[in-house]
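The points below are grouped by topic.

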Amino acid sequence: MRLGPLLDWLAPSRCYWCGRISGAKPACDACAEALPWNRTACRPCAMPLPADTTTDVCGACLCEAPPQDRSWTAFRYEAPLPQAIVELKFHARFAPAHVL
């Protein structure tokens, strides 16, 4: 017998940010969409670029190319992520780890 469905019913997963029931995901759909996703970024260094940019390389990388060809980061370092990182690193609160 699998206990997963029973545990989900008895103690459903809650969104780390808003506390609403989120099913099997660490964040509800609304909070996940509201996170600062790094959708437009410099290909070599992954620094955020303006959304309307026509290039995929920032000015710094054009002036002095880094040794790597490509970098990737899921999020920009903006609220609410800094607080979640502090809680994970210094307070052993592991709930945001699945999102990060």
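The largest nonpolar core has nine residues: Cys15, Ala27, Cys28, Cys31, Leu35, Ala74, Phe75, Leu81 and Val99. A second, separate core of five residues includes Cys42, Val57, Cys58 and Cys61. The model is predicted, and the chain has an average pLDDT of 87.

**Cores and burial**
- In soluble globular proteins, nonpolar side chains tend to be buried together.
- Cys31, a member of the nine-residue core, is in contact with Cys15, Trp17, Cys18 and Arg20 once its neighbours within four places in sequence are left aside.
- Of the chain's 100 residues, 22% count as buried.
- The accessible surface of the chain is about 7,300 Å², and carbon and sulfur atoms account for 59% of that.

**Cysteines**
- A search of the whole structure turns up zero disulfides.
- For Cys58, the closest cysteine sulfur is that of Cys42, at 3.7 Å, which is too far for a bond because a disulfide needs the two sulfur atoms within 2.5 Å.
- For Cys61, the closest cysteine sulfur belongs to Cys45, and the distance of 3.6 Å is again too far for a bond.
- Cys58 is buried at 12% relative accessibility, and Cys61 is buried at 10%.

**Chain layout and confidence**
- The chain holds four helices and two strands, which follow the pattern α-β-β-α-α-α along the sequence.
- Among contacts between residues at least 6 apart in sequence, 39% join residues at least 24 apart.
- Confidence is lowest in helix α1 (residues 4-10), with a mean of 61.
- Confidence is highest in helix α3 (residues 59-63), with a mean of 94.
- Across the chain, 89% of the residues score at least 70.

**Salt bridges**
- The count of salt bridges comes to four.
- One of them joins Asp29 to Lys25, with the closest N and O atoms 2.5 Å apart; Asp29 is exposed at 56% relative accessible area, while Lys25 is partly exposed at 39%.
- Another links the side chains of Glu33 and Arg39, at 3.1 Å from N to O; Glu33 is exposed at 55%, and Arg39 is exposed at 57%.
- Glu78 and Arg76 also meet in a salt bridge through their side chains, at 3.0 Å from N to O; Glu78 is partly exposed at 36%, and Arg76 is partly exposed at 27%.

Key
Residues numbered from 1 in each chain as written. Predicted model: local features only at pLDDT ≥ 70, side-chain atom pairs only at ≥ 80, totals over all residues. Heavy atoms only, no water. Buried < 20%, exposed > 50% of the residue type's maximum accessible area, 1.4 Å probe, protein only. Contact = heavy atoms within 4.5 Å. Areas by Shrake-Rupley, 256 points an atom, 1.4 Å probe, with all protein chains shown as cover. pLDDT = per-residue confidence, 0-100. Core = buried A, V, L, I, M, F, W, Y, C linked by side-chain atoms within 4.5 Å.
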